[in-house]
Amino acid sequence: MDVRGAVYANGTPVQIYDCNGTGAQKWVLNRGSTKVKVFGQNFCLDAGSSPANGVGMKIWQCYDDLRAQQWYYGPDNSLTLDGTAFCLDLTNGVLTNSNQLQTWQCYSGNGNQIWTE
């Protein structure tokens with residue numbers, strides 16, 4: 001996961017990008033109920049106010065108890081938006097740089113929804 005252009009501002013898209021070791025690709029998360037926070041920044045992975053299939057992921061200033069920023073990192077390595085049936089998803093399974101991540105209905109074993117540290 002990568003913060004597009006390393007622009008730390010509300011609404012910056014979160015995308016897939018070749019690993020390059022920059023801060024834009026460093027995230028903090030824990031198993032179970034968690035925020036997905038950009039390391040060293042006060043920005044979190046944010047699913048927006050109306051979760052649905054195809055909603056593009058972005059960063060937003062971290063807020064306590066903001067539902068759009070509450071995730072569950074499960075033992076199957078999926079990231080589910082807490083209280084919903086939507087998972088963090090690699091859009092169309094395309095590994096091309098700049099492909100923005102999205103939410104999509106969770107499907108067990110869907111490779112587009114498996115995330116490892």
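**The disulfides and their surroundings**

Modeller: Cysteine 44 and cysteine 62 are joined by a disulfide (a pair of cysteine sulfur atoms within 2.5 Å), with an S to S distance of 2.0 Å. The bond links distant parts of the chain, since cysteine 44 is in strand β6 while cysteine 62 is in the loop between β8 (58-61) and β9, 18 residues apart. Strands here are DSSP runs of E with at least two residues, helices are runs of H or I with at least four, and both are numbered from the N terminus. The model is a predicted one, in which local features need pLDDT of at least 70 and side-chain atom pairs count only at pLDDT 80 or more, whereas totals for chains, interfaces and linings use all residues. Residues are numbered from 1 along each chain as its sequence is written, and side-chain values use heavy atoms, with hydrogens and water left out.

The link of cysteine 44 and cysteine 62 is right-handed, with 105° about the S-S bond. Cysteine 44 has a relative accessible area of 0% and is therefore buried, where buried means under 20%, exposed over 50% and partly exposed in between, for a 1.4 Å probe and protein chains only. Cysteine 62, at 13%, also counts as buried.

A search of the whole structure finds two disulfides, and the other pair is cysteine 87 with cysteine 106, at an S to S distance of 2.0 Å. Because cysteine 87 lies in strand β11 (residues 86-89) and cysteine 106 in the segment after β12, this pair ties together parts that are 19 residues apart in sequence. Its link is right-handed too, with 110° about the S-S bond. Cysteine 87 is buried at 2%, but cysteine 106 is partly exposed at 26%. Numbered in sequence order, the bonded cysteines pair as 1-2, 3-4. Cysteine 19, by contrast, is exposed, with a relative accessible area of 78%.

Glutamine 113 is found in the segment after β12 (102-105) and, at 2% relative accessibility, counts as buried.

Next comes the nonpolar core, meaning buried Ala, Val, Leu, Ile, Met, Phe, Trp, Tyr and Cys residues joined through side-chain atoms within 4.5 Å. The largest one has 21 residues, and Leu45 and Leu88 are among those with the most contacts inside it. Strands β6 (43-46), β9 (71-73) and β10 (79-81) each supply at least two residues of this core. Leucine 45 touches, among others, Trp27, Met57, Trp71 and Leu88, not counting residues up to four places away in sequence.

As for the whole, the protein chain has zero helices and 12 strands, and buried residues make up 39% of its 117 residues.

Key. Contact means heavy atoms within 4.5 Å.
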